[in-house]
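Trainee: I would like to learn how to read a structure like this one. Please take me through the main features.

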Amino acid sequence: MVEHIKALFPRLRAAPFRVTSLPDPVYNCVAWAAGVTDDWWWPLENPTEAYWPDGVLRVRTLETIREVFATFAYAVCPGEGLEIDFEKIARFADALGVPTHAARQLPTGLWTSKLGRGEDIEHSLHDLEGHLYGAVVLVMKRPRSHG
Amino acid sequence: MPSQPIPNAAVTSSAETVEQRFRRLETIWESETQFLSDAQRIIEHPAFQEIIRLGEAVVPLMLRDLEKGPRHWVWALPRITGVNPVPQADAGNIRKMGEAWLRWGRERGYQW
């Protein structure tokens, strides 16, 4: 029952990945990257419609995404490789630079993603790149002891 | 994927009920936005906008769905009704937002 995922993420047709949850409309990838499973995080203009951290502009840009994760002690880093003492998150954006997706690195070096309202999956970071999520454009890290 | 025009969305068979049209649009919207995290794109999807244009007739259908579990109808209901009963403290909590809408519906005598 993963054909619907492979259909939208062509790289997953030839790469291993693992579904780790049922679909759930309650939380999205940004929340999941932050370790939250009971809120939908997005900078909708109306503040009653989606969670967004106080003090961060409600605009859909990579800079505001960076600010959101900076509030959780993440700092921009140059590499996505596993560093045993750090946890990392990665942001995807489309060709116009609009944020589309977030993923969080697991201690194994694989990444975990919540696919919209759909499932959580474990995957290699770049295997979600393509027409739907665009490409990885930002990686941030924080000391693992912080989380 | 999600920004394609909705074929026949505005053309409804005379035999199609509001609920049938609602469910048809829902199927399109669910399919084309399932993997999106961007709430703005989810709301702006043509099928979702068409659902909103169906107006108050679909409010009980949405409340019926919310009774079964959390749904993103919490983003359609304010646009249909012009009100939003969700407390700021529950912003983004799709489950609690749905519960606020169910309370709102009961208080206004909706049946679903």
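Trainee: Among contacts in chain A between residues at least 6 apart in sequence, what percentage join residues at least 24 apart?

Mentor: Two residues are in contact if their C-beta atoms, placed from the backbone, lie within 7 Å. In chain A, 56% of the contacts between residues at least 6 apart join residues at least 24 apart. For chain B, residues 24 or more positions apart account for 60% of the contacts with a separation of 6 or more.

Trainee: What should I know about the model and its numbering?

Mentor: This is a predicted model: local features need pLDDT of at least 70, side-chain atom pairs count only at pLDDT 80 or more, and totals for chains, interfaces and linings use all residues. Residues are numbered from 1 along each chain as its sequence is written, while chains are lettered from A and ligands numbered from 1 in the order in which they are written.

Trainee: How many helices and strands does chain A have?

Mentor: Helices (H or I, at least four residues) and strands (E, at least two) are DSSP runs, numbered from the N terminus. Chain A has 3 helices and 7 strands. Their order from the N terminus is α-β-α-α-β-β-β-β-β-β. Chain B has 6 helices and 0 strands.

Trainee: What does the radius of gyration say about chain A?

Mentor: The radius is taken over C-alpha atoms, and the globule rule is 2.2 Å times the number of residues to the power 0.38. For 147 residues, a compact globule would come out near 15 Å; chain A has 15 Å, so the two agree. Along the principal axes, its C-alpha atoms fill a box of roughly 40 × 35 × 30 Å.

Trainee: Is A:T112 buried, exposed or partly exposed?

Mentor: Count the other C-beta atoms within 10 Å of the residue's own, placed from the backbone: 20 or more means buried, 12 or fewer exposed, and in between partly exposed. A:T112 has 19, so A:T112 is partly exposed. This residue is found in strand β5 (residues 111-114). Beyond four places away in sequence, A:T112 touches residues including A:T20, A:A103 and A:E122. Across the whole chain A, 38% of the 147 residues are buried. In chain B, 34% of 112 residues are.
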